[in-house]
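Please read the following briefing alongside the structure.

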Amino acid sequence: MSDLILRQLCAVLESRKQASAEDSYVADLHSQGLNKILEKVGEEAVETILAARDAEQSGNNKPLIGETADLWFHSLVMLSHLGEDAEAVLKELERRFGLSGLEEKANR
């Protein structure tokens with residue numbers, strides 16, 4: 001798996017912070033502020049949950065993949081708005097790799 005697409009997407013998201021809200025969906029989200037971005041993350045999280053439930057019943061994961069992509073995208077917009085990017089999340093996942101989930105949770 002390549003993280004190239006994540007780096008490219010993060011670069012685009014960062015550049016869109018300075019774009020016109022009339023020309024860019026991402027710029028429009030940024031212009032509306034963190035609460036609007038969080039609303040979109042929450043909306044996409046619910047849609048992902050519903051798609052997962054439907055996928056279990058139907059055996060069709062395609063809608064689930066699409067909703068997960070939407071959730072990841074809006075999560076990256078949120079991180080960008082707060083001055084972070086996917087690299088920070090990947091580093092945190094790397095830090096946790098090899099720890100048991102129970103051990104990691106106890107360390108928080």
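E44 and K40 both lie in helix α3, four residues apart, or about one turn of the helix. Helices here are DSSP runs of H or I with at least four residues, strands are runs of E with at least two, and both are numbered from the N terminus. The model is a predicted one: local features need pLDDT of at least 70, side-chain atom pairs count only at pLDDT 80 or more, and totals for chains, interfaces and linings use all residues. Residues are numbered from 1 along each chain as its sequence is written, and side-chain values use heavy atoms, with hydrogens and water left out.

**Salt bridges**

- Side chains of opposite charge can pair when their charged atoms come close.
- A salt bridge is counted when a side-chain nitrogen of Lys or Arg is within 4 Å of a carboxyl oxygen of Asp or Glu. By this rule the model has eight salt bridges.
- E44 forms a salt bridge with K40, and their closest N and O atoms are 3.8 Å apart.
- Both E44 and K40 are buried. Buried means under 20% relative accessible area, exposed means over 50%, and partly exposed lies in between, using a 1.4 Å probe and protein chains only.
- A network of salt bridges links K40, E43 and E44.
- K36 pairs with E39 in a salt bridge whose closest N and O atoms are 3.1 Å apart. These two residues are also in helix α3 (residues 34-58), three residues apart, about one turn of the helix.
- K36 counts as partly exposed because its relative accessibility is 25%. E39 is also partly exposed, at 46%.
- D54 forms a salt bridge with R53, with 3.9 Å between the closest N and O atoms. D54 is partly exposed at 43% relative accessible area, whereas R53 is exposed at 51%.

**The nonpolar core**

- A nonpolar core is a set of buried Ala, Val, Leu, Ile, Met, Phe, Trp, Tyr and Cys residues joined through side-chain atoms within 4.5 Å.
- The largest nonpolar core has nine residues: C10, L13, V26, L29, I37, L76, V77, L79 and A86.
- Helices α1 (4-16), α2 (25-32) and α4 (62-81) each supply at least two residues of this core. The largest share, three residues, comes from α4.
- Which residues is L13 in contact with, leaving aside its neighbours within four places in sequence? They are V26, H30, F73, L76, V77 and S80. Contact means heavy atoms within 4.5 Å.

**S75 in helix α4**

- S75 is found in helix α4, and its side chain reaches the backbone oxygen of L71 at 2.9 Å.
- S75 and L38 are 37 residues apart in sequence, and their C-alpha atoms are 8.4 Å apart in space.

**Helix α5 and the surface**

- D85 caps the N-terminal end of α5, with a side-chain oxygen 2.9 Å from the backbone nitrogen of E87.
- After α5 comes G98, whose phi is positive, near 95°.
- L93 lies in helix α5 (residues 86-96). L93 is partly exposed, with a relative accessible area of 49%.
- V89, L90 and L93 make a nonpolar surface patch of about 230 Å². Patches are made of residues with over 30% relative accessible area and no salt bridge, where like charges are joined within 9 Å and nonpolar side chains (Val, Leu, Ile, Met, Phe, Trp, Tyr) within 5 Å.
- Accessible areas come from the Shrake-Rupley method with a 1.4 Å probe, and for residues only the protein chains shown count as cover.

Notes: Polar contact = N/O pair within 3.5 Å; in protein donor to acceptor, adjacent residues only side chain to side chain.
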